[in-house]
Amino acid sequence: MIKKIVFATNNLNKIKEIQAITPSNIEWISLAEAAIFEELPETRETIEANSLQKGERAFELADLPCMSEDTGLEVEALHNEPGVRSARYAGDLSTSEENIDKLLGALHEIKNRKARFKTVISFCTKERIIQFEGILNGEIAQDRRGSNGFGYDSVFIPEGQMKTFAEMNLEEKNQMSHRKRAFVKFLSYLKLNQHDSSK
Ligand code: IMP
């Protein structure tokens with residue numbers, strides 16, 4: 001029997017990414033497919049709390065098991081900024097290019113370029129709420145490199161790699177990404193707790 005889980009996003013690339021590594025008895029549906037058209041709140045102060053806030057609201061609306069995720073870029077020399085404010089670093093309506101300009105400016109002449117991407121998944125069902133974290137360490141490049149991907153990809157070099165995420169193809173990035181790491185932990189939990197994916 002196919003079991004449905006709502007992925008609290010309308011980003012079809014994220015849904016494809018997780019569907020590709022999920023057993024075929026689980027079907028992911030987007031917010032729109034679950035007939036949820038309101039913008040989910042993301043007003044909390046941490047990545048963990050924002051992820052949970054979205055998941056809980058989606059679960060209230062969908063009445064199906066829901067999975068949400070929130071991601072941020074934490075830069076050591078900036079006291080883990082932009083973190084939960086990664087999408088709005090340069091201002092509420094800022095573009096990724098503006099966010100990157102601000103980040104490169106803040107790191108100007110700073111030697112410590114260490115950074116990490118953190119994804120937190122929240123899985124909300126009638127029985128329980130559970131969270132899974134995926135972390136990818138790396139560093140911030142001196143300048144933008146590459147044209148693939150989105151967000152901060154052109155300035156993030158994963159640990160042990162020479163290329164930025166934006167110089168990799170999607171498959172290369174997805175093999176090592178923070179989101180993939182969190183997905184893998186979540187999927188192994190689901191395999192051990194099959195009953196959790198039925199409401
Ligand atoms: P969200 O939680 O996916 O909305 O991500 C928050 C912000 O982090 C986005 O605005 C992106 O700029 C950034 N971000 C999330 N995931 C990635 C990624 O895989 N690469 C680069 N930037 C990302």
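Mentor: Gladly, and let's start with Asp-70, which lies in strand S3, residues 66–75. Strands here are DSSP runs of E with at least two residues, helices are runs of H or I with at least four, and both are numbered from the N terminus. This is a predicted model, where local features need pLDDT of at least 70 and side-chain atom pairs count only at pLDDT 80 or more, while totals for chains, interfaces and linings use all residues. Residues are numbered from 1 along each chain as its sequence is written, and side-chain values use heavy atoms, leaving out hydrogens and water.

Trainee: Is Asp-70 buried or exposed?

Mentor: Buried means under 20% relative accessible area, exposed over 50%, and partly exposed in between, with a 1.4 Å probe and protein chains only. The relative accessible area of Asp-70 is 6%, so this residue is buried.

Trainee: With which side chain does the side chain of Asp-70 make a polar contact?

Mentor: Contact means heavy atoms within 4.5 Å. Leaving aside neighbours within four places in sequence, the contacts of Asp-70 include Glu-42, Asn-50, Lys-54 and Lys-118. A polar contact is a pair of N or O atoms within 3.5 Å; within protein, one must be able to donate a hydrogen and the other to accept it, and residues adjacent in sequence count only if both atoms are side-chain atoms. At 3.2 Å, the partner of the Asp-70 side chain is that of Lys-54.

Trainee: Which elements give two or more residues to the shell around the ligand?

Mentor: The ligand is surrounded by 13 residues, with Thr-71 and Arg-179 among the closest; a residue counts as near if one of its heavy atoms lies within 4 Å. A backbone N or O atom of Thr-71 is 3.0 Å from a ligand oxygen, and a side-chain N or O atom of Arg-179 lies 3.0 Å from an oxygen atom of the ligand. The elements you asked for are S3 and helix H5 (178–192).

Trainee: Where does Glu-38 lie, and what polar contact does its side chain make?

Mentor: Glu-38 lies in the loop between strand S2 (26–29) and helix H2 (47–62). With a relative accessible area of 33%, Glu-38 is partly exposed. Not counting residues up to four places away in sequence, Glu-38 touches Arg-57 and Leu-61. The polar contact of its side chain, at 2.8 Å, is with the side chain of Arg-57.
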